[in-house]
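The tour moves from one selection to the next.

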Amino acid sequence: MKIAVPSEENTIESSVCQSFGRTYYFIVADSETLEYKVIDNQAVSSQGGAGIKAAQAVVDSGADAVVTFHCGQNAADVLKAADIKIIKAVPGTVSEMIQKYKAGELAEMTEIQPGTHG
């Protein structure tokens, strides 16, 4: 399974970024091998629609799930349309989120935020 996580830096040992649409990087890792690729989030400097653009980058990466602290409604709609699970992050590193997801320690996100602008 491939898991995408917004990351503060471009490594699997980086902290999870608090932002989804405005993160600089997504780490997309294989949950079994922890092999990963780094996706530069082109939406980080968008005037608007960053969440939608970031969600499309996750879809294009082939991820099966995304682990994040927050997700806006528009981004959630894109992810759900692609059957990508949205999982609630807890403080820690990207690799810790992948391990916690594998262990069943993370819950599916139930509170989707209304879209934000600006």
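**Stop 1: the cores**

Select Phe20, Val58, Val66, Cys71, Leu79 and Ile86: these have the most contacts inside the largest nonpolar core, which has 20 residues. A nonpolar core here is a set of buried Ala, Val, Leu, Ile, Met, Phe, Trp, Tyr and Cys residues joined through side-chain atoms within 4.5 Å. Buried means under 20% relative accessible area, exposed over 50%, partly exposed in between, with a 1.4 Å probe and protein chains only. Now colour β2 (25-30), α1 (50-61) and α2, the elements that give two or more residues to this core. Helices (H or I, at least four residues) and strands (E, at least two) are DSSP runs, numbered from the N terminus.

Another core lies apart from it, with 16 residues, among them Val16, Ile27, Ala29 and Ile87.

This is a predicted model: local features need pLDDT of at least 70, side-chain atom pairs count only at pLDDT 80 or more, and totals for chains, interfaces and linings use all residues. Residues are numbered from 1 along each chain as its sequence is written, and side-chain values use heavy atoms, leaving out hydrogens and water.

**Stop 2: isoleucine 86**

Centre on isoleucine 86. Which residues is it in contact with, leaving aside neighbours within four places in sequence? They are Val66, Thr68, Cys71, Ala76, Leu79, Lys80, Glu108, Met109 and Ile112. Contact means heavy atoms within 4.5 Å.

**Stop 3: the sheet**

Show the strands. Five of them form an open sheet in the order β3-β2-β1-β4-β5, with mixed pairing. The edge strands, β3 (36-40) and β5 (85-88), each pair on one side only. Two strands pair if DSSP finds at least two bridges between them.

Zoom in on β4 (residues 65-68), which pairs with β5 in the parallel sense over four bridges. Valine 67 stands opposite isoleucine 87. Alanine 65 has lysine 85 in β5 as its bridge partner. From β4, trace the chain through helix α2 (residues 73-81) to β5: this β-α-β crossover is right-handed. That is, with the strands pointing away from the viewer, the path from the first strand over the helix to the second runs clockwise.

**Stop 4: serine 95**

Select serine 95, in helix α3 (residues 94-102). Is serine 95 buried or exposed? It counts as buried because its relative accessibility is 9%. Leaving aside neighbours within four places in sequence, serine 95 is in contact with Ile12 and Glu13.
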